[in-house]
Amino acid sequence: MTKTARWKSNPTVALSIPIALDVSGLDSFASLLEPDNFDLVKFTEAFVALFATPISALLPMRLVGTILPKLSISTNLELIEPLIEEDLPNYNTEFHVDGVEDGRVAWLVEAENRTSDDPVIFYAHGGGYVFGLFPNFPYLFATIYKWLGNDRLSILLLDYTLATDGTYPQQIIEFTLSYNKLAESSVNIIIAGDSAGGHLSLAFVRHQSYKPFEEVPEAVNQKPTGVILLSPWVNLYPQDGVGSYKTNSGKDILGAPILRHFTEVFLPDKSLYELPKFNPYNDTIDWDSILPETIFVSKGENEVLRDDITKWTELAELNDSEVYESPDAIHDSAIFTPKLSDITPEIVKYLKSLGY
């Protein structure tokens with residue numbers, strides 16, 4: 001079996017780093033993050049194995065999230081720096097935002113002498129609001145930057161507070177404050193997010209242009225020029241045995257129980273779990289009026305979220321050209337194998353369609 005097929009069809013096969021159902025197994029996972037020994041492929045295999053083994057079903061996500069190492073943006077960028085084949089301007093430079101803890105917002109790359117018209121991708125990572133920023137996330141966007149070949153593009157990373165340390169609305173607050181600060185120097189912002197980061201991106205768009213969330217600062221009146229959503233988490237509290245949660249069970253690294261666990265950590269009150277404002281897949285607002293003219297959404301054929309993502313893209317009346325389904329792919333597959341995923345060139349294609 002080739003490496004590409006392994007990641008797309010069945011991530012439980014031939015994983016070289018088994019994760020035991022105990023804390024020592026998680027300690028071995030952490031050992032892969034030593035700078036002198038860092039191997040992105042082995043780390044990715046270990047990360048997928050964490051979900052593919054019984055640990056994900058038997059341990060609460062709150063516990064797993066607190067045991068796993070928490071890596072700052074700076075540490076993540078130090079780990080992947082040897083893998084990046086060029087010097088990126090202002091790499092790993094902090095972007096200070098009042099009201100957001102220092103070190104949570106930083107540049108992956110900032111164009112030299114950046115102007116307000118230069119494009120900036122503002123990215124929020126996935127992880128169910130429980131798992132933090134890991135090297136795979138910035139490495140995908142470093143790959144996108146290289147393949148796009150536009151030295152006027154900048155990429156800003158948000159490492160929001162995890163729900164284990166601060167529940168909703170902390171993450172939307174930090175996203176909004178960071179976007180507002182960035183908008184002071186840019187009129188050309190593309191927001192991007194995968195999985196929970198995709199959920200956060202849609203929550204911000206809703207907050208900005210439809211109905212603000214309580215306790216969240218007002219968002220600047222400057223809509224993003226683009227939106228990139230990779231396997232967006234659009235149903236926070238899915239039920240077992242329904243649609244792609246049934247047909248893709250065992251094919252994907254996720255399942256409905258894990259997603260519900262994440263939500264129980266993220267949202268402080270169970271009465272919120274199924275409200276439309278937290279679940280875009282059945283939120284019947286006028287999405288067309290609050291989204292940019294064109295966006296990009298990806299989903300995997302074999303991911304459990306596939307049907308819910310489809311429901312949202314239909315609800316938002318997106319064109320077929322705005323939605324890409326990756327054949328045989330699992331949830332968030334571009335994050336795991338950015339240079340092998342067919343989603344990565346589609347993101348580049350989308351950015352070029354915006355004139356970048």
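Okay, let's start with helix α7, residues 136-148. It has 13 residues and reaches 18 Å from its first C-alpha to its last, close to the 18 Å expected at 1.5 Å a residue. Keep in mind that this is a predicted model.

So where does α7 sit? Well, 11 of its 13 residues are buried, so the helix is largely enclosed by the rest of the structure. Among the buried ones you'll find Phe-137, Pro-138, Tyr-139, Leu-140 and Phe-141. And just after α7 comes Gly-149, with a positive phi of about 70°.

Let me zoom out for a moment. The protein chain has 15 helices and eight strands. Of its 356 residues, 59% are buried. If you take the contacts with a separation of 6 or more, 78% are between residues 24 or more positions apart.

How confident is the predictor? The mean pLDDT of the chain is 89, and 88% of the residues reach 70 or more. Residues 1-25 are another story: the pLDDT there is below 50, though in the model this stretch has 53 contacts beyond near neighbours in sequence. Where pLDDT is low, the predicted coordinates should not be read in detail.

Now, the sheet. Eight strands make an open sheet with mixed pairing, and the order is β1-β2-β4-β3-β5-β6-β7-β8. Which strands stand at the edges? Those are β1 (93-94) and β8 (323-326); each has a single partner strand, so one side of each is left without a neighbour in the sheet.

Two helices to point out here. Helix α8, residues 170-183, packs on the sheet and touches β2, β3, β4 and β5, with its direction at about 170° to that of β3. Helix α15, residues 343-353, also packs on the sheet, touching β3, β6, β7 and β8, and its direction makes about 170° with that of β6.

Let's stay with β6, residues 226-230. This strand pairs in the parallel sense with β5 over five bridges, and in the parallel sense with β7 (residues 296-300) over three bridges. Look at Leu-230: Asp-194 is its bridge partner on one strand, and Ser-298 in β7 stands opposite Leu-230 too. For Leu-229, the partner in β7 is Val-297. There's also a right-handed β-α-β unit here, made by β5, helix α9 (residues 196-209) and β6.

Is β6 covered or open? Mostly covered: five of its five residues are buried. In a regular strand the side chains alternate between the two faces of the sheet. In β6 we have Gly-226, Ile-228 and Leu-230 on one side, Val-227 and Leu-229 on the other, and both faces are covered.

Most residues other than glycine have a negative phi, and most peptide bonds are trans. Here, the peptide bond from Tyr-168 to Pro-169 is cis, with omega near 10°. You'll find Pro-169 in the loop between β4 and α8.

Asn-113, in the loop between β2 and β3, has a phi of about 50°. Tyr-129, in the loop between β3 and α7, has a phi near 65°. Which of them is buried, and which exposed? Asn-113 counts as exposed, at 70% relative accessibility, whereas Tyr-129 is buried, with a relative accessible area of 0%.

That's it from me, thanks!

Conventions:
Residues are numbered from 1 along each chain as its sequence is written. This is a predicted model: local features need pLDDT of at least 70, side-chain atom pairs count only at pLDDT 80 or more; totals for chains, interfaces and linings use all residues. Side-chain values use heavy atoms; hydrogens and water are left out. Helices (H or I, at least four residues) and strands (E, at least two) are DSSP runs, numbered from the N terminus. The expected span of a helix is 1.5 Å times one less than its number of residues. Buried means under 20% relative accessible area, exposed over 50%, partly exposed in between (1.4 Å probe, protein chains only). Two strands pair if DSSP finds at least two bridges between them. Contact means heavy atoms within 4.5 Å. Axes are lines fitted to C-alpha atoms, for helices over the stretch in contact, and angles run from 0 to 180 degrees between N-to-C directions. pLDDT is the predictor's confidence in each residue, from 0 to 100. A crossover is right-handed if, with the strands pointing away from the viewer, the path from the first strand over the helix to the second runs clockwise.
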